[in-house]
Amino acid sequence: VIVLAAIVVSAISGLCYTLLLGVASIHFKADQTLVGTAMNILATAAATGEYASLEEATEHMASFSRTIYPDAGRADIYDKKYRLYVQAIECLDGLWDDMQKVIDGKE
C-alpha cells in the first residue's frame with residue numbers, strides 16, 4: 001500500500017510540476033525537458049520519503065546559478081497557461097485528503 005501510495009503521489013506530483021514547467025518554459029524561455037525532468041526527480045524523491053519535503057529535496061539535489069525574469073511581452077500566453085494550470089489543480093482538490101490518508105496509513 002505504501003509503495004502504491006508513493007507511486008500515485010509521484011505521478012500526481014509529476015503532473016503538477018509538468019504543468020508548472022510548461023508555463024515556465026514558455027514564459028521564462030526555459031528548456032522544458034531538462035527542467036521538467038529535474039522537477040519530476042525532486043518530486044519523486046520527496047514523495048517516496050527520501051526527503052521529508054520538496055523543499056528539502058531541492059536543497060540537497062538542486063542548485064541555481066542565475067535568476068530568470070519574466071518577459072512582459074509574453075504575459076498573454078502566461079495568463080492562458082496559468083488558467084489551465086488552475087483548472088488542473090482544481091480537478092485534484094478532492095484527491096489530496098484521500099492521498100494523505102493513504103500515506104499516513106489511515107486508509
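Q: Helices are DSSP runs of H or I with at least four residues, numbered from the N terminus. With that in hand, in which helix is Tyr85 found?

A: Happy to start there. This is a predicted model, and in it Tyr85 belongs to helix α4, which spans residues 75–92.

Q: How many helices and strands are there in the protein chain?

A: The protein chain has five helices and zero strands. Reading along the sequence gives the pattern α-α-α-α-α.

Q: Back to Tyr85: is this residue buried or exposed?

A: The general idea is a cut-off: a residue is buried under 20% relative accessible area and exposed over 50%. Tyr85 has a relative accessible area of 18%, so it is buried. For the chain as a whole, buried residues make up 24% of the 107 residues. The chain exposes about 7400 Å², with carbon and sulfur atoms supplying 59% of that area.

Q: Since you bring up Ala5, where is its place, and what does it touch?

A: Ala5 sits in helix α1. Leaving aside residues up to four places away in sequence, Ala5 touches Val102 and Ile103. Its relative accessibility is 8%, and therefore Ala5 counts as buried.

Q: Which residues make up the largest nonpolar core?

A: First the general idea: in soluble globular proteins, nonpolar side chains tend to be buried together. Here the largest nonpolar core has six residues, namely Leu42, Ala45, Ala46, Tyr51, Leu54 and Ala57. Helices α2 and α3 are the elements giving two or more residues to this core, and α2 supplies the largest share, three residues. There is also a second, separate core of five residues, among them Val9, Ile12, Cys16 and Leu92.

Q: And pockets: how much space lies in the second largest pocket?

A: In general, rolling a probe the size of a water molecule over the atoms shows where empty space is left. The second largest pocket holds about 410 Å³. Its lining counts 21 residues, and those closest to its centre are Val9, Ser13, Ala46, Ala47 and Ile103.

Q: Which elements give two or more residues to that lining, and what is it like by class?

A: The elements are α1 (2–27), α2 (32–47), α3 (54–61) and α5 (96–103). Helix α1 gives the largest share of the lining, seven residues. By class, the lining of this pocket has 15 nonpolar, five polar and one charged residues.

Technical notes. Residues numbered from 1 in each chain as written. Predicted model: local features only at pLDDT ≥ 70, side-chain atom pairs only at ≥ 80, totals over all residues. Heavy atoms only, no water. 1 Å grid on protein atoms, 1.4 Å probe; cavity = no way out; pocket = protein on both sides within 12 Å on 5 of 7 lines; lining within 4 Å. Points joined across faces, edges and corners; volume = space filled by probe spheres on them. Nonpolar A, V, L, I, M, F, W, Y, C, P; charged D, E, K, R; others polar. Core = buried A, V, L, I, M, F, W, Y, C linked by side-chain atoms within 4.5 Å. Buried < 20%, exposed > 50% of the residue type's maximum accessible area, 1.4 Å probe, protein only. Areas by Shrake-Rupley, 256 points an atom, 1.4 Å probe, with all protein chains shown as cover. Contact = heavy atoms within 4.5 Å.
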